[in-house]
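Please look over the protein shown here. A short briefing on its fold, core and strand pairing follows.

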Amino acid sequence: MALNKVLVALTALTAMAMPAAAQISSQGGPIYLNSERTESLERERKVLLIGNVDIQQGDARLRADTVTLIFAERAAAEDSASGGLGGGFGQIQTMLAEGNVFYITPEMKAKGNRGSYDAASDTITMTGNIALMRERDVAEGEVLTVEVGKRRTTLDGGNGRTRMVIEPENKSSGN
């Protein structure tokens with residue numbers, strides 16, 4: 001039990017100690033990770049976050065049942081230069097979220113069955129029963145793509161169609 005707590009603390013410190021190329025927020029900055037259990041698979045350059053996963057960066061939040069962080073390989077020069085806790089991993093290359101996935105920013109809330117983040121394209125893709133909310137407007141579909149840095153969102157209907165409900169602002173009648 002104590003070893004498990006130490007592993008969780010070291011993994012969290014590892015994630016915070018490395019320069020994060022991953023962005024779930026257009027603001028960037030440190031990434032804070034919380035979960036019921038954490039497994040570090042150093043040879044595979046993976047960290048598994050299991051149970052009520054909550055990841056925050058800037059004003060963005062990602063929640064899911066499980067998240068797998070996959071780290072890019074480090075260059076030999078980087079390996080020899082880094083001796084800290086994050087020395088074995090490198091930068092986050094991909095995040096894979098599964099089960100009850102929620103992505104929340106001040107502008108939108110999205111939920112789906114699965115989600116992935118690819119650092120190379122700076123893109124979040126959510127799939128399966130997507131519900132996207134912006135203020136009072138709601139859209140549904142099967143594939144949601146969020147280009148984080150460009151602040152561009154695309155919703156695809158998959159084999160079906162997208163559905164939207166747009167609530168126009170009420171204008172006062174002046175009476």
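A residue counts as buried under 20% relative accessible area, as exposed over 50%, and as partly exposed in between, with a 1.4 Å probe and protein chains only. Thr-105 is buried, at a relative accessible area of 14%. This is a predicted model, in which local features need pLDDT of at least 70, side-chain atom pairs count only at pLDDT 80 or more, and totals for chains, interfaces and linings use all residues. Residues are numbered from 1 along each chain as its sequence is written, and side-chain values use heavy atoms, with hydrogens and water left out.

**Overall make-up**
- The protein has 2 helices and 10 strands, taken as DSSP runs numbered from the N terminus (helices: H or I, at least four residues; strands: E, at least two).
- Along the sequence, the order of these elements is α-β-β-β-β-α-β-β-β-β-β-β.
- Of the 175 residues in the protein, 34% are buried.
- The protein exposes about 10500 Å², 50% of which is supplied by carbon and sulfur atoms; accessible areas come from the Shrake-Rupley method with a 1.4 Å probe, and for residues only the protein chains shown count as cover.
- Contact means heavy atoms within 4.5 Å; among contacts between residues at least 6 apart in sequence, 44% join residues at least 24 apart.

**Nonpolar core**
- A nonpolar core is a set of buried Ala, Val, Leu, Ile, Met, Phe, Trp, Tyr and Cys residues joined through side-chain atoms within 4.5 Å.
- The largest such core has 29 residues, and those with the most contacts inside it are Leu-49, Ile-55, Val-67, Leu-69, Met-95, Tyr-103 and Met-126.
- At least two residues of this core come from each of strand 3 (46-57), strand 4 (60-71), strand 5 (92-104), strand 6 (109-118), strand 7 (123-134) and strand 8 (137-147).
- Strand 4 supplies the largest share, 6 residues.
- Beyond its neighbours within four places in sequence, Val-67 contacts Val-47, Leu-48, Leu-49, Val-53, Ile-55, Leu-96 and Ala-97.

**Pairing around strand 5**
- Two strands pair if DSSP finds at least two bridges between them.
- Strand 4 and strand 5 pair antiparallel over 9 bridges, and Arg-63 has Phe-102 in strand 5 as its bridge partner.
- Strand 5 and strand 6 also run antiparallel, joined by 9 bridges; the partner of Ala-97 in strand 6 is Gly-115.
- Strand 5 and strand 6 form a hairpin with 4 residues between them.

**Thr-105**
- Thr-105 lies in the loop between strand 5 and strand 6.
- Not counting residues up to four places away in sequence, Thr-105 touches Asp-59 and Ala-60.
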